Amino acid sequence: MPSPAESLAANMSLSAFSKATELKSRIKFTVMALIVYRIGTYIPIPGIDPVVLGELFKQQAGGILGMFDMFSGGALKRMTIFALSVMPYITASIIVQLLSAILPYFEALKKEGEQGRIRLNQYSRYLTVLFALVQSYALAIGLQNMMGGSAVVISGGFFRLSTMVTLTGGTVFLMWLGEQVTARGIGNGTSLIIYSGIVANLPHALAQTLELGRTGALSSWFILLILVLVLGVLAVCVLCERAQRRILVQYPKRQVGNRMFGGEATHMPLKINTSGVIPPIFASSILLFPLTLASFTNIQQKGGWIADVVASLGHGKPLFMVLYAAFIIFFAFFYTAVVFNPVENADNLKKYGGYVPGIRPGKNTADYFDYVLTRLTVLGALYLAGICLLPEFLMSRGAIPFYLGGTSLLIVVSVTIDTLSRVQSHLIAHQYEGLIKKSRLRGGS
């Protein structure tokens, strides 16, 4: 039997959306913020030769620069003020989350509620600035060293300083913009920034793939296979991202005065993919780093066993595939353990009088949560590895853009589902408010 919220969601229409003024204002703010972000991806930093830079990125399309360019929405390839995008902020947030699960000080801040959350966010901001300074400096050094420094018009320390200031400022602005979207818009601001960059470049990626077919670099059957695969990956992502295991939770009845409270049953949803897109991002960064380091230092031209190892880490190579799958599976389990603590959830359930039917509260409930979550994570890790490895085979056979890969499509699906669910939540809240106002008017009359 559907719940009242599900009944309201099924009866929602465009008329209900038109009456939700707060939701419309939130959507307008989000759209305007994303437009500002897209404009910034076309404002270049000083001292860069765009022609030479374009040739440089053609050579590094399969390295970590290509992957970071996907997350920046093409800003890195154009070397604009938003070239680093929100990646330093994401890295800093993940590290703070890991520290809150490892160090007692950060764990205590996490349990302090709103004040602790504010302190943790402040640490994330400090780390963001630090990571942005380091990454912008490394990027400036790399541009000066690659291709004899021909991509850089301004030489010396002034280029490094201006690049660090510009890119760090752009990252801090995007961090602030993402927080504003989260607070005043609809959806997660940071995720929407990455999402908009990927979606904006999907048509170009598709046109680039079709151009490869026109020039004869790819066969028509291979392009058709790519399109079918993209649709299949999207369908599997939607299915797995919405799939969840619902654990029945029962609350006992309790009497307060002459009234009886409680006694209802609810569900604790556990997703198959609790870790989200974090495992593919981390695994790609770790494996593609040696390729980029080799391009910066010209290791492959010198030869030796290091050059052989770097060559075996290329796209489509067996060693790359095995390590990629292993890292995805490892980070899927690791990050799931960070974001979901079975002992903490079991204690919270016991504190409020809830219990799982057939399972004793406390340690037995925590063990049951851990058992169910481990089995789900096995499925989720295999799903992530399969989604991300399948496009890698196609990338190794042809110059398929990163935007048609499994990681980018996974981000698109995850953010779309999350944003639509938030829109639905706002509409349901608006419907409830309308029902409450009508009941008050009837009671007053």
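Predicted model: local features only at pLDDT ≥ 70, side-chain atom pairs only at ≥ 80, totals over all residues.
Okay, let's start with Thr128, which touches Pro88, Tyr89, Ala92, Thr171 and Met175, leaving out residues up to four places away in sequence. Touching, or contact, here means heavy atoms within 4.5 Å. Residues are numbered from 1 along each chain as its sequence is written, and side-chain values use heavy atoms, with hydrogens and water left out.

So, Thr128 sits in helix 9, residues 114–145. Helices are DSSP runs of H or I with at least four residues, strands are runs of E with at least two, and both are numbered from the N terminus. Is Thr128 buried or exposed? Buried, because its relative accessibility is 0%. The cut-offs are under 20% relative accessible area for buried, over 50% for exposed, and partly exposed in between, with a 1.4 Å probe and protein chains only.

Now over to helix 7, residues 87–102. Its 16 residues at 1.5 Å each should span 22 Å, and the end C-alpha atoms are 23 Å apart, so that agrees. The expected span, by the way, is 1.5 Å times one less than the number of residues. Buried residues in helix 7 include Pro88, Tyr89 and Ala92, and those three are among the residues that Thr128 touches.

Ser100 is in helix 7 too, and it counts as buried because its relative accessibility is 6%. Setting aside neighbours within four places in sequence, Ser100 contacts Phe106, Glu107 and Lys110. Its C-alpha atom is 8.7 Å from that of Leu120, 20 residues apart along the chain.

Next, a helix pair. The axes of helix 10, residues 157–184, and helix 11, residues 189–214, come within 7 Å and cross at roughly 115°. Axes are lines fitted to C-alpha atoms, for helices over the stretch in contact, and angles run from 0 to 180 degrees between N-to-C directions. That makes the two helices roughly perpendicular; the class covers 65 to 115 degrees, with under 35 roughly parallel, over 145 roughly antiparallel and the rest oblique. Leu174, Gly178, Val181 and Thr182 of helix 10 meet Gly189, Thr190, Leu192 and Ile193 of helix 11.

Zooming out, the protein has 19 helices and four strands, and 43% of its 445 residues are buried. That's me done.
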